[in-house]
Amino acid sequence: MKRAMLVAVLVAVGALSMRLAASQAPAQPTPSAAALAATQIEKVKDNLYMITGSEPIPRESFAGGNTGVFITEEGVTVVDTKLAGWGQVLLDKIKTVTNKPVVRIINTHTHGDHTGSNNMFPATVDVVAHESTKANMEKMDAFKGDNAKFLPKKTFKDKMTIGAGKDRIDLYYFGRGHTNGDAWIVYPALRVMQTGDMFAWKDAPTLDRANGGSGIEYAATVGKALAAVQDVDTLIVGHSPLRRPAELKEYQQFMTDFVSAVRQAKAAGKTAEDAAKSIDLSAKYKDYKNTRYQAAVTAIYDELK
């Protein structure tokens, strides 16, 4: 009788401990209905897919960055994991095209809309990023404590190659721009390159000065990518539809012109706010937006101090 009572008490204590642990575990954000509706898995080429992301505006439909899904003999490589709370959505989308397990995550850079759901994949999954991106991620609250196990396990400085033949992935670092650790991902057999947020949209880029970003060096960095990786015909970009290399070349020229205009405005004594309002590149770049000029001009002014 005493033994039965002891077992009952132990079971009750165990159940209570599990409930307390569950109540103390941080809740994962729930993707909005609008964001889920806008998120699709699209075939890029052969065994390469893109799970669509979105631009950060409007916020209620924000899904994070575009996610690459590369299916190989070994398993699935996922490039960027969107915002926190999107891991199950990614897994569900991947299951519609393959039953193979996810074996690797590549993070193109540190931001939470590209690394947010690393922790919703098994800790055994290999995580790869540029060495500066790992250093930046280590500063994020999302990767502190027990979540440090979801930080990159492998890093590279200038170039890394994973796999071979049709399963080969080349990772490059060409210099500062969006951050100081932006990786460019190339699938040579498919002639596809994934740019991360070095080419996110047709507008001024986000320049993360706190994580080493540079507007001054941006165009030169893009130029290095264009010179080094020429055998591609399709781009998976950060937050907008598939693009072509010619559009990346145009973006390099846009950034050259944009920074030149910022320099001129600063030399003329304009404030960053006035400079952003005065810069007009619409005649040359007709399908570009100007909704991000203010933040980019402010970052470049800071860099020019």
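Author: A residue is called buried when its relative accessible area is under 20%, and exposed when that area is over 50%. Please note that this is a predicted model.

Reader: Which residues of helix 6 are buried?

Author: In helix 6, which spans residues 218-228, the buried residues are Tyr-218, Ala-219, Thr-221, Val-222, Gly-223, Ala-225 and Leu-226.

Reader: And what covers them?

Author: The cover includes strand 10 (183-187) and helix 7 (245-267).

Reader: How many residues has the largest nonpolar core?

Author: That core has 40 residues, and Trp-184, Phe-254, Phe-258 and Val-297 have the most contacts inside it. Two or more residues each come from strand 10, helix 6, strand 12 (234-237), helix 7, helix 8 (272-278) and helix 9 (293-303). Helix 7 gives the most, namely nine residues.

Reader: What does Trp-184 touch, sequence neighbours aside?

Author: Beyond four places in sequence, the contacts of Trp-184 include Val-222, Ala-225 and Leu-248. Met-193 and Met-198 are also among them.

Reader: What of the other core?

Author: Another core, of 19 residues, lies apart from the largest one; Val-79, Ile-162, Tyr-173 and Ile-185 are among its members.

Reader: Turning to Gln-40: where is it found?

Author: Gln-40 sits in the loop between helix 2 (33-38) and strand 1 (41-45).

Reader: Why is Gln-40 classed as partly exposed?

Author: Because its relative accessible area is 38%, which falls between the 20% and 50% limits.

Reader: Which contacts does Gln-40 make?

Author: Apart from neighbours within four places in sequence, Gln-40 contacts Met-50, Ile-51, Thr-52 and Lys-93.

Note on methods: Residues numbered from 1 in each chain as written. Predicted model: local features only at pLDDT ≥ 70, side-chain atom pairs only at ≥ 80, totals over all residues. Heavy atoms only, no water. Buried < 20%, exposed > 50% of the residue type's maximum accessible area, 1.4 Å probe, protein only. Helix = DSSP H or I, 4+ residues; strand = E, 2+ residues; numbered from the N terminus. Contact = heavy atoms within 4.5 Å. Core = buried A, V, L, I, M, F, W, Y, C linked by side-chain atoms within 4.5 Å.
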